[in-house]
Amino acid sequence: MDKCVEYLREHRREHLDWTIELCRIPSISTKEEHKQDVAAAVRWTHELCEKIGLKSRVYETGGHPAVCAEWCHAPGAPTYLVYGHVDVQPTGDLALWDAPPFEPVQKDGWLIARGAADDKGQVLVYLRAAAAWLATAGKLPVNLKFLIEGEEEIASPNLGPFVEQHRELLACDHVLISDTGLIRDGWPTITYATRGLLYKEVRLSGPHHDLHSGSHGGVVANPANVLAALIASLHDESGRVTIPGFYDDVVELSDEQRAQLSALPLDEKEYITSLGSPAPHGEAGYTTAERRSVRPTLDVNGIYGGFMAEGANTIIPARAGAKISMRLVANQDAEKLSGVFDRTVRERVPDTVRVEILNHGACGAYMAPRDSQPMKAAERALREAFGKETALMPEGGSLPILPMFKRLLGVDCLLIGLASPSCNAHGPNEKVLLADLDRGAEAVARLFGYLAG
Ligand SMILES: [Zn+2]
């Protein structure tokens, strides 16, 4: 293992060049005109896999291609599947970038480029570690597979079907992913839970066109008024969601987990101030750290209807609507709650208006077992590489691939985050701290060793 670490240090420059080269490819998966670039990034990854000694192949998926690579010559040893993506978000307004997004720049230890943090820099950490093992020991201590796709930033439409069709090829004991963040710079972090999502749109309609509020006001229900009452009814005064049974399946935190969460380096005041809100708010009885990660929420994402232009226009709107999303936590069932939400809305809306409910997606929450062998091995590897205890963190966002891997391959995922909290993924001047990638590669090389048993 020391030889691996030594190798990684000696080949740091070459490995940095890999990251720079990959970041030069404008693999924006959302844009049709970049289709060839996404394919080029996938092909580039495939060639690197072959170069370091993995068996690799590019697969067409119906959308952007994916690469699957493997080294499976450790009979009896466990098998790990590394998942990552080499597609990126669009650049947004180029004027907000200090340098062109696909011309990587190094500054004060940072590499600035679209994709540097999300996810090119992070996914290459695993190839760096595998290369170090293969170059120094001629073998890996475990069986290792890679699944690197080009559609993550467009919600991986073909990944589920691909995994389903290639279950045998991808069969493994555990999935390894680095596509999340560090809780603080230089502070190793494992994300062990993500929230699910249930997204609804409620449309209310009354008269068939906007009415004069003087001539007709007071005789029919105003859909905007009804919508406001409906929305107000969805929370009680303690900030809890009032949909019947909403909390029934929520896994409550143990005292130990709560203590651990409160020990994470999150300064509530600094955090809320950084958001620009005048004061914290949320479900009574829970801390800010708990509210933003392990508690379910319901939020109105947008409200529409009626007169919104300049000045006054006295109407009763014909219709009004709201987009409403819920963040779910383990073990809430998105499908079950979807039905309960619809029934609750229909019950609460009076028959003086018509109601229509649209579905805009659902995804399950995920929680990894926190005492698994891979988790313990990763904590040790990260501690040794970063010289600091690992923060175990639940994440507020959703990662649909986690419940997908669980459902289709029957395995859990280990999420080692290497992106700085200030990496600005998806925004202008996306960047990654090169020292975090270097320490990450050392940690992963150690991890491969510890995963062997
Ligand atoms: Zn990503």
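**View 1. The largest nonpolar core and the residues at its centre of contacts.** Of the 113 residues that make up the largest nonpolar core, those touching the most other members are Tyr126, Ala129, Ala130, Val432, Val444, Ala445 and Phe448. Such a core is a set of buried Ala, Val, Leu, Ile, Met, Phe, Trp, Tyr and Cys residues joined through C-beta atoms within 7 Å, where buried requires 20 or more other C-beta atoms within 10 Å of a residue's own, with C-beta atoms placed from the backbone. Helix α4 (residues 116-136) supplies the largest share of this core, twelve residues; helices are DSSP runs of H or I with at least four residues, strands are runs of E with at least two, and both are numbered from the N terminus. The model is predicted, so local features need pLDDT of at least 70 and side-chain atom pairs count only at pLDDT 80 or more, whereas totals for chains, interfaces and linings use all residues. Residues are numbered from 1 along each chain as its sequence is written.

**View 2. The surroundings of Phe448.** Leaving aside neighbours within four places in sequence, Phe448 is in contact (C-beta atoms, placed from the backbone, within 7 Å) with Ala129, Trp133, Leu140, Pro141 and Val142.

View 3. Strand β5 (residues 110-112) is joined to β18 over three bridges, and Trp110 has Leu433 of β18 as its bridge partner.

How values were computed
A residue is buried if 20 or more other C-beta atoms lie within 10 Å of its own, exposed if 12 or fewer, and partly exposed in between; C-beta atoms are placed from the backbone. Two residues are in contact if their C-beta atoms, placed from the backbone, lie within 7 Å. Two strands pair if DSSP finds at least two bridges between them.
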